[in-house]
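Trainee: I would like to learn how to read helix packing and side-chain contacts from a model. Can we work through a case?

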Amino acid sequence: MSETLPFDLDALLVFGKVVESRSLSRAATLLGMPKSTVSRKIARLESDLGIRLLRKNTHQLSVTDLGEKIYSHSLNILTEANHI
């Protein structure tokens, strides 16, 4: 039984790392990918889900209320995906 998810599972992993590190740059370093790739994956995830996950300005990054809920659920999704 194979179901396709309405979003990229890898982007969910990237989002989780951004939330944990509270920084796109730090998340990119931890994941070993360019910051631009992290930013594109987050933008695509927001587009796929149809919601804003992060609030960004030049000095601060914060997680929206819906972003916090998605992050919480993503921990369960990623745990289950790792056991498949």
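This is a predicted model: local features need pLDDT of at least 70, side-chain atom pairs count only at pLDDT 80 or more; totals for chains, interfaces and linings use all residues.

Trainee: How is a pair of packed helices described?

Mentor: Two packed helices are described by the angle between their axes and the distance between the axes. Here α1 and α4 pack at an angle of about 125°, and their axes are 10 Å apart.

Trainee: Are α1 and α4 oblique or roughly perpendicular to each other?

Mentor: Roughly perpendicular covers 65 to 115 degrees and roughly antiparallel begins over 145. The pair is at about 125°, so α1 and α4 are oblique to each other. Their crossing is left-handed.

Trainee: Which residues of α1 and α4 meet?

Mentor: An α-helix has 3.6 residues a turn, so residues three or four places apart point the same way. From α1, the residues in contact with α4 include Leu-9, Leu-12, Leu-13, Gly-16 and Glu-20. Among the α4 residues they meet are Gly-67, Tyr-71, Ser-74 and Leu-78.

Trainee: Which residues of α4 are buried, and what covers them?

Mentor: The buried residues of α4 are Gly-67, Tyr-71, Ser-74 and Leu-78. Their cover includes α1 and also β2, residues 61–63.

Trainee: How does the length of α4 compare with what its 18 residues should span?

Mentor: At 1.5 Å a residue, α4 (residues 65–82) should span 26 Å. The C-alpha atoms at its ends are 26 Å apart, so the two values agree.

Trainee: Where is Glu-20, and is it buried, partly exposed or exposed?

Mentor: Glu-20 is in helix α1, which runs over residues 9–21. Its relative accessible area is 47%. Exposed would need over 50% and buried under 20%, so Glu-20 is partly exposed.

Trainee: What does Glu-20 touch beyond four places away in sequence?

Mentor: Glu-20 touches Tyr-71 and Leu-75. With Tyr-71 there is also a polar contact of 3.0 Å between the side chains. For Thr-64, the sequence separation from Glu-20 is 44 residues and the C-alpha to C-alpha distance is 14 Å.

Trainee: Is Ser-23 buried or exposed?

Mentor: Ser-23 lies in the loop between α1 and α2 (24–31). Its relative accessibility is 13%, and the limit for buried is under 20%, so Ser-23 counts as buried.

Trainee: What is Ser-23 in contact with?

Mentor: Leaving aside neighbours within four places in sequence, Ser-23 is in contact with Val-18 and Leu-61. A polar atom of the Ser-23 side chain also lies 3.2 Å from the backbone nitrogen of Ser-25.

How values were computed
Residues are numbered from 1 along each chain as its sequence is written. Side-chain values use heavy atoms; hydrogens and water are left out. Helices (H or I, at least four residues) and strands (E, at least two) are DSSP runs, numbered from the N terminus. Buried means under 20% relative accessible area, exposed over 50%, partly exposed in between (1.4 Å probe, protein chains only). Contact means heavy atoms within 4.5 Å. A polar contact is a pair of N or O atoms within 3.5 Å; within protein, one must be able to donate a hydrogen and the other to accept it, and residues adjacent in sequence count only if both atoms are side-chain atoms. The expected span of a helix is 1.5 Å times one less than its number of residues. Axes are lines fitted to C-alpha atoms, for helices over the stretch in contact, and angles run from 0 to 180 degrees between N-to-C directions. Angles under 35 degrees count as roughly parallel, over 145 as roughly antiparallel, 65 to 115 as roughly perpendicular and the rest as oblique. A crossing is left-handed if the near helix is turned anticlockwise from the far one by less than a right angle, and right-handed if clockwise.
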